[in-house]
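Q: Hi! Could you walk me through this model?
A: Happy to, here it is.

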Amino acid sequence: RYTSAVTGPFSQSALHRLLSSLAILEHREGELNHGSLSAITAAKKIGGSVHGFVAGSNIKSVAEEAAKVEGVEKIIAVENVAYDKTHSRVSSQGLPENFAPLVVENIKKGGYTHVIAGHTAFGKNLMPRIAALLDSQQISDITAVENENTFVRPIYAGNAIATVESSDAIKIITIRGTAFPAVEAQGGSAAVEDGVDPKLEASAEWVSEDLTKSDRPDLATAGKVVSGGRGLKSKADFDRIMEPLADSLGAAIGASRAAVDSGYADNSLQVGQTGKVVAPQLYMAVGISGAIQHLAGMKDSKVIAAINKDADAPIFQVADVGLVGDLFEKVPELTEKLKSS
Ligand code: FAD
């Protein structure tokens, strides 16, 4: 779709495309993932109309939930079990191999200028495939929108900030969730429309998944995070020290890559360049040295506290509050004080 400015309908230089964004909304077990509402915030910053996209089996309730999200004009929904992971009654969006051609057909139909997803495991798996199918250059992990063509993104593990301008007709973007506060989940009244379903033969099939279940707050969106590193020495000590600390603060648990690689903590808890990026109100690093790859995942936290026996550990350079001492003494002491306060 094209529109013309003051110089008249046939002036090429004055032509510009009407802005419209498609936000890919993630869902799990029949519920919208509120983390993906940040994609709508980014879409609103770009300007123009904002549509949301969901697909899977029994998608109606997810689509209805998405239609209530503030600032969305339309929800495009595709009902088909082929786009599920579980092939069960409760859906989660499925394999990117099958999802990418589906989204591409809907991008073509809707004439979108921007397609936006979270820089999550799913978004990182899906969007490069869409970009390749559309012959676009993906713009990854943006932290700010300067205008419809220009975006800001950290590079070199957050040590430099690049401002990138794209001339692609369709911009395929993943956004850093911590940089865009989620829009309100209520207050909107979008129309729900059936999307196109190319009904392609599935190139990949979902077999199973093995997820760590936790009653703790979600690491990516928690207000408080306590993270443990190699200083914890073993899985038994990691659990014995970190779990009561997290309980006393109502915090999510994170870990350094060294702690994950040593088997102290689950892979899904890794914070950093190759793990999750978090920006809670409070981030407490316990027995973590503060390597740049770890800092890339937590340095935007509002208050950083560190406990480390080495006074020269680089973590103290970014910490607002630091305690030099043996974590095996200091953390249980702190936990007791927090419990009784
Ligand atoms: P260490 O560096 O070994 O630090 C342990 C700390 O514990 C030390 O500072 C020590 O003084 C302290 N300590 C030990 N005993 C005690 C005690 N009793 N009391 C108090 N303090 C104690 N790392 C990540 O975390 N996340 C990533 O996403 C990530 N991605 C990477 C990607 C690439 C491409 C590469 C090359 C590396 C990546 N790393 C990542 C690894 C990173 O470089 C570091 O190796 C890692 O962060 C170190 O983890 P650590 O701080 O737990 O361990």
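Q: Where does glycine 48 sit?
A: Glycine 48 lies in the loop between helix H1 (37-46) and strand S6 (49-56). Helices (H or I, at least four residues) and strands (E, at least two) are DSSP runs, numbered from the N terminus. This is a predicted model: local features need pLDDT of at least 70, side-chain atom pairs count only at pLDDT 80 or more, and totals for chains, interfaces and linings use all residues. Residues are numbered from 1 along each chain as its sequence is written, and side-chain values use heavy atoms, with hydrogens and water left out.

Q: Is glycine 48 buried or exposed?
A: Glycine 48 counts as exposed because its relative accessibility is 53%. The cut-offs are under 20% relative accessible area for buried, over 50% for exposed and partly exposed in between (1.4 Å probe, protein chains only).

Q: And how far is glycine 48 from glutamate 148 in space?
A: They are 9.6 Å apart, C-alpha to C-alpha, and 100 residues apart in sequence.

Q: New topic: which strands form the open sheet?
A: There are 3, in the order S10-S11-S12, with antiparallel pairing. Two strands pair if DSSP finds at least two bridges between them.

Q: Which ones stand at the edges?
A: S10 (144-147) and S12 do; each has a single partner strand, so one side of each lacks a neighbour in the sheet.

Q: How many bridges join S11 to S12?
A: 6 bridges join S11 (residues 150-155) to S12 (residues 160-165). Threonine 150, for one, has glutamate 165 as its bridge partner, and proline 154 stands opposite isoleucine 161.

Q: What about the turn of that hairpin?
A: S11 and S12 have 4 residues between them, and tyrosine 156 in the turn has a positive phi of about 50°.
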